[in-house]
Amino acid sequence: MTERSLPSAGDVRSGLGSVRAALSRNRLRVAFVVLILVSAAVVASAAGEGVSTASKADVPDAPPTDNHTVVTESGRAGTITAYQPNGEVLYYNNSRTKYFDADPVEGDPLTVEYAATDTLHTEGPNCGAPPCTRNVIERADLETGEVEVLYERYDYKEYAGEWHDVDRINESHFVVADMVADQVFIVNTETEVVEWLWDAQSDFPLEGGHSWPRDWAHINDVEYIEEGQMEGRIMASLRNQDQVVFLDREEGLLEDWTLGSENEYDVLHEQHNPDYIPESQGGPAVLVADSENAQIKEFQREDGEWTQTWQWEDDRIQWPRDADRLPNGNTLISDTHGNRVIEVNQSGEIVWEVGSSLPYEAERLETGDESAGGESAQSLGLENRTAADTGGGGGDGGGGFGFNPLAFLGDLIESILPHRIYNALLFVSPVWMGSTEFAAIGVALFSGLAWIALEIRWKLRDAGVRFRLPFYRTRSE
């Protein structure tokens, strides 16, 4: 009989250590699997809930209202949708790449005129170096579906190569916000002759705004003022200079009337679609979507200066790009990254809402162009409403414990990232992506990378490979 030697205490300790190490590794593997699966479930759940307007059949019905409503979109897909007062879709078109500002034709509210853009990806006589753009002023009869191009121009680039807004002056003339050339011009659509032009470079330095010539001024709105002391003048929005300016066709820029100042973000931060409210409706006032501040604001002209008189926001609003004051005192808002068009009453409560992928502008057709029929906030006595008034606080409400860690982490990410960067992420992401989904993807990626790194380390350690610091620590005596 052969005698077998008993294992030494060192061997026992080594074996127990190996077992403990294996158990620790497996626990970590299980934890990583759980984190990745939970994160994937959160993302998958959100993907099935996002609103879609990719086809007429996908467009959600709207709640009933007194008038027709038009909504345009300019994101990954361009659409123009008209809702009947009963909330059903009357008209839908997605033949253009992007749709922007839309206005009802005077005397025929069920016919609209709008600015739209086509992106050209194929080389040809109208595009020598793709991608290029074709910008159009178009008229659509919402009842018959007939569409007519009133004026068009081909431009050499895609990025910041659009006309976001046009405004009719009379039967033959439009004023155009030309983002491509950083200009505002008036064109006779019958002769196709540009009869007046203002170049932003004549009054603003190239050192300001964004990079020139890629997207310097980003002129995204124009309005021809029809009455009051500013009659015949033009209001324009220079998004990247954070300013709304007023132009006289003989004098040029009226500097004393400029609203906002570059980089003074407490006033405006890359705004969209300002509406001028004349004296007859309690003005002069400007209602504007303060996009990067995620607020709707109104400013009153008093004693030669602009004073903020109203502000609206809730805990969901994200990059609004349009606001119109309606004749009943309510405000119609296009909340682009909130994926909705809403109407808020004079108390600040939401009284009408319809989902939309990336809405750019909304018009209540029978109420006139933009805020033509609405009074100023000062005249109406509107009170401010902030996100705190809505009881917001996105880190709670998840699960039975009243706390959602992914929502909390998402809110933290949103608070850390610059607002413009966060909005850019939303713009290029699927419409169902929000702060919680970004956090879930981040957790999954971090967990996966950490898991891979640990597995590599474990393999090397088991193979006897050790890594030492390139210096030695000495104990102090």
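1. Strand 2 and strand 3 (residues 89-93) run antiparallel and are joined by four bridges, where two strands are said to pair if DSSP finds at least two bridges between them.

2. The model is a predicted one, in which local features need pLDDT of at least 70 and side-chain atom pairs count only at pLDDT 80 or more, while totals for chains, interfaces and linings use all residues. Residues are numbered from 1 along each chain as its sequence is written, and side-chain values use heavy atoms, with hydrogens and water left out.

3. For the chain as a whole, the secondary structure comes to five helices and 24 strands. Buried residues make up 49% of the 477 residues, with buried meaning under 20% relative accessible area, exposed over 50%, and partly exposed in between (1.4 Å probe, protein chains only). Of the contacts with a separation of 6 or more, 51% are accounted for by residues 24 or more positions apart, a contact being heavy atoms within 4.5 Å.

4. On its other pairing, strand 2 meets strand 1 (residues 69-74) in the antiparallel sense over six bridges, and a hairpin of three residues joins strand 1 to strand 2. The bridge partner of serine 74 in strand 2 is glycine 78. Strand 2 (residues 78-83) is mostly covered, since six of its six residues are buried: Gly78, Ile80 and Ala82 point one way, Thr79, Thr81 and Tyr83 point the other way, and all are buried.

5. Leucine 238 sits in strand 13 (residues 234-238) and counts as buried because its relative accessibility is 0%. Leaving aside residues up to four places away in sequence, leucine 238 touches Trp198, Ala200, Phe204, Ala217, His218, Ile219, Gln243, Val245 and Gln271. Of these contacts, glutamine 271 is 33 residues from leucine 238 in sequence and 8.0 Å from it in space, C-alpha to C-alpha.

6. Helix 5 (residues 435-462) has 28 residues and reaches 40 Å from its first C-alpha to its last, close to the 40 Å expected at 1.5 Å a residue; the expected span is 1.5 Å times one less than the number of residues. Among the buried residues of helix 5 are Ser435, Phe438, Val443, Gly448 and Trp458. Just after helix 5, glycine 464 takes a positive phi of about 85°.

7. The unreviewed UniProt entry lists residues 30-48 and 438-458 as "transmembrane region"; the positions are given in the numbering used here, feature names are shortened, and such annotations may be inferred rather than shown by experiment. In the model, residues 438-458 are 100% helix and 0% strand, and the end C-alpha atoms of this span lie 30 Å apart.

8. Rings of Phe, Tyr and Trp (its six-membered ring) pair if their centres lie within 6.5 Å, and planes under 30 degrees apart count as stacked, over 60 as edge-to-face and the rest as tilted. By this rule the count comes to ten aromatic pairs. One of them joins phenylalanine 100 and tyrosine 360, whose ring centres are 5.2 Å apart and whose planes stand at 90°, so the pair is edge-to-face. Phenylalanine 100 lies in strand 4 (residues 98-105) and tyrosine 360 in strand 24 (residues 359-364), so the pair ties together parts that are 260 residues apart in sequence. Phenylalanine 100 is buried at a relative accessible area of 1%, and tyrosine 360 is buried at 0%.

9. Phenylalanine 246 and tryptophan 257 form an edge-to-face aromatic pair, 5.5 Å centre to centre with 65° between the planes. This pair links distant parts of the chain, with phenylalanine 246 in strand 14 (residues 243-248) and tryptophan 257 in the loop between strand 15 (252-253) and strand 16 (272-277), eleven residues apart. Phenylalanine 246 is buried, with a relative accessible area of 0%, and tryptophan 257 counts as buried at 12% relative accessibility. Phe246, Trp257, Tyr276 and Trp306 form one aromatic cluster.

10. Arginine 301 lies over the face of tryptophan 257, at 4.2 Å from the ring centre, and arginine 364 lies over the face of tryptophan 352, at 4.9 Å from the ring centre. A charge sits over a ring if NZ of Lys or CZ of Arg is within 6 Å of the ring centre and within 35 degrees of the ring normal.

Technical notes
Helices (H or I, at least four residues) and strands (E, at least two) are DSSP runs, numbered from the N terminus.
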